[in-house]
Amino acid sequence: MNFERIYNEKIDETLLLGTHKSGLRVALVPKKGFSKYYAIYGTKYGSIDREFIPLGESERLTLPDGVAHFLEHKLFEMPDGTNAFDHFSQVGGNSNAFTSFNITAYLFSCTENFYENLDILLNFVNTPYFTDENVAKEQGIIGQEIKMYDDDPQWRVFFNMLSAMYHKNPVKRDIAGTVESISKITPELLYKCTNTFYNPSNMILVLVGDIDENKIEEYIDKNIPENRDSGEVKKFTEDEPKEVKEKYIEQKLSVSIPIFAIGFKEKEVGTGGYDLLKKEIATEILIELLFGKSSENYIKMYESGIIDASFDGETELEEEYGFTSFGGESKEPKKVYEAVLEAIQKAKTDGFSDEEIKRIKKAVLSDDIRMYNNMESIGNTYIKSLMKGMNPLDYTKATEEIDKEYLMNRLNEHFDTENCVLSVVYPV
Amino acid sequence: MANIKTEKIVDGAHIRLVSARQFKTNRISMFFHIPLDRENVTKVSLLRQVMKRGTKNFPTLTHLASELEDMYGASLSGGIRKKGDGELFYFTVEYIADRFVGENITKRATALLNEVVFNPLVEDDGFSQDYLNQEKKNLQSYIEGIINDKREYAQLRCVSEMFKDEPYGIFEYGYIEDFDDITPKSLYEFYNKIINEAQIEIFVSGTFDDEEIISEIKNGFNISPRKCGEVTNKIAKERDEIKKITEEMDVTQSKICIGLTCDTPYDAEDYPALMVYNCVFGGSAFSKLFNNVREKLSLAYFVFSRIDKMKSYMLISSGIETGNYDKAYNEIMAQMDKMTKGEITEEELVAAKKALSNSINSMRDSLAAMEDFYMSQIICGTDDSLDETLSKTDAVTLGEIVKVGKKIKQNTIYFLKGKEE
């Protein structure tokens, strides 16, 4: 297996990129001086992938909500009745997994026996084992997971925001589904999903630590047959209107104070790779310029008492969808909403000073550098970026390229005060 | 103490240098170690908020935030951390190491920490009235907001019931009822007391020039010698009868939380056995609680146990269906019974030791974790290095686990009861 070596001198970090003969892409981030190793192995398959043609069939299939996440839980069970956690534990690996809108990923960290742990990771993900009995058992466990989130106001305010923002895109649906939707899951359905989505060219393996790149191929060979790949997955999404579905949504829960999220919907979807990376960084810079701790808007809202230190902004931009949200706790969420819209309008007229832009760019660049302190952060950032066709080492270059004009265009395009949502969770 | 260099500033104040080149960042933290007491706890909590609002030379949040951004995105945090019957009141500046930005940020970071701690914004012998008022409101909404995270809330309630009327039962973020008596002047007087009397530990971690940083601190920081009254710590006491508390709430999932006393202080010889015990019982994804309460009986999504080193107690926490209370409780106790009977496989023992080795070694990969580890060592007066801690847990035998397990006694059961289906 050959690796291309990419080096970013400014931050002193290297990335090795290669493709295994099965079609699996492998990224290695060499790190010396740390105790830990980290590996994350993921498929481009998440909660938004609900309509597709299963491998070897010709008809479209629509999945009940929560299948990708259900599958993530189930893969840990091994055909011999054991559990992957138990295998990891014997060689000191600490394993976990997560399902997002567009990725399902399996991971471990360890401070010894890296290659043994890697072998277990590749093995368990590639040996699905589903039975009526083990599926029924998981419905109970995930049922409790869903109920835990039902009581979580941060989670609810966020998903309510998405459900108001989107007409059709499945990003509006809860990742874990509902107790009712997961009751429809069968072993047969799960096999259809692993056969279709867990094929090597739809997956990426990211390894972080003091690792010998020449040793990796042997473990991939052992666990992934060369002819396993079945090419590109045929999946479908309905067209999503550019406008938000509803501008306001609320719910009542046992909370002490209203919790809010203000969301802006991305209208210009379909970008990937370097352009998307640049767009992402520009959006992050704008969040800071508009409402960062050094901004006039932040201090005004903070001193008038309508926001507290919980106020925060974040953006998630993908090829198929995107949004930016500002959230926190407030006794008067509608006032925050008005203040946020007003501040955005004002910025569109007044612009930003060169000094502010320079300062915020410094801060944004430092977050990227800081990320390289932590093995898990590196692995998670890399797998998400690579799935979107981005090279994380381009972060420095992309940030430097962003100028005032680019920022103003992005401000006008993305922060459309006519196309945003206010979601509030009020106390019962 | 290994891997760490100590430099005395004056009596009661030290600099601890933790050198580690693999990180992109440095941290400079200043800790004040004080007792947890009901009279002052709210003042400490407000102090950390007010001091972060502005200083003489950076009088507003905007000034402070701009300075931090200009220092290549440095961060300033101020916090409080419970450590047994005492608490740490601290400020940290974290920043990108000088070699990545080509500037001496270390000097600016040290100066900023000095400014925040020793040069606060003072008007008429007191803190700013506006800042104090605003921060009282913020702290109030924070305290009231604890209930928004039901899992955290249940654990907190369990601990406060278990240690009621003891220092450890005090809520470190303070009490709203104390607000009225705290004025800009009284808070400033309290500030002066801490600054002049409390034990000070300054941690510098990352990549830096030892001599330069020592001289910056010694010459720049106005630290006078101090006696530092001793902060005492007692381990959790057994209770004759289990205390049971049930609280009803309009929630979908109920939470059960059990507090137990361990009677095994951190400096006892069998403390490493308690660490292994916890890992096998409920502290891991291969634990008895995980494999039985969750995997076998599907009663919960999360179920775990953890131990507190200084107070020597265990907390078991799980989210369940309201009607499954008895089932879940009985299963948790059945698993504990297996531990006491020594029904622990060789695989479980191997796994637990490896998991502990993994988590102990992983501390070396985080400046914040190392700082906390060494700070705890200073408070406890122990000086085991990470390697020594590792070799002790590795030597633990099945017999020792059983023995340490027999000392674990139920103390308080807290049930956050939701709707019945």
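**The sheets of chain A**

Modeller: In this predicted model, strand 1 of chain A runs antiparallel to strand 2 (residues 13–19) of chain A, and 6 bridges join the pair. Within that pairing, Ile6(A) has Leu15(A) of strand 2 of chain A as its bridge partner. Helix 1 (residues 67–74) of chain A packs on the sheet, where it touches strand 7 and strand 8 (104–110) of chain A. The direction of helix 1 makes about 165 degrees with that of strand 7 of chain A.

The sheet in question is open and has 7 strands of chain A, in the order 1-2-3-9-4-8-7, with mixed pairing. Its edges are strand 1 (3–8) and strand 7 (94–99) of chain A; each has a single partner strand, so one side of each is left without a neighbour in the sheet. From one strand to the next, the twist averages 15 degrees.

Chain A also has an open sheet of 5 strands, again with mixed pairing, in the order 10-14-11-13-12. Here strand 10 (248–253) and strand 12 (312–317) of chain A are the edge strands, each pairing on one side only. The average twist between one strand and the next is 15 degrees. Strand 12 of chain A pairs with strand 13 (residues 322–329) of chain A in the antiparallel sense, over 6 bridges. Opposite Asp312(A) stands Gly327(A), in strand 13 of chain A. Helix 11 (residues 333–350) of chain A packs on this sheet and touches strand 11 (259–265), strand 13 and strand 14 (420–427) of chain A. Between the directions of helix 11 and strand 11 of chain A the angle is about 30 degrees.

Now the surroundings. The largest nonpolar core has 239 residues, and those that touch the most other members are Ala39(A), Tyr41(A), Leu121(A) and Val276(B). Helix 9 (residues 273–291) of chain A gives the most to this core, 10 residues. Beyond its neighbours within four places in sequence, Ala39(A) is in contact with Leu107(A), Phe108(A), Leu118(A), Leu121(A) and Leu207(A).

As for the other chain, 50 residues of chain B are in contact with 50 residues of chain A. Elements giving two or more residues to the chain B side include helix 2 (61–70), helix 5 (129–144) and strand 11 (300–308) of chain B. Helix 12 of chain B supplies the largest share of that side, 9 residues. By type, the chain B side divides into 17 nonpolar, 19 polar and 14 charged residues.

Terms used
Residues numbered from 1 in each chain as written. Chains lettered and ligands numbered in written order. Predicted model: local features only at pLDDT ≥ 70, side-chain atom pairs only at ≥ 80, totals over all residues. Core = buried A, V, L, I, M, F, W, Y, C linked by C-beta atoms within 7 Å. Buried ≥ 20, exposed ≤ 12 C-beta atoms within 10 Å, placed from the backbone. Helix = DSSP H or I, 4+ residues; strand = E, 2+ residues; numbered from the N terminus. Contact = placed C-beta atoms within 7 Å. Pairing = 2+ DSSP bridges. Axes fitted to C-alpha atoms, helices over the stretch in contact; angles between N-to-C directions. Nonpolar A, V, L, I, M, F, W, Y, C, P; charged D, E, K, R; others polar.
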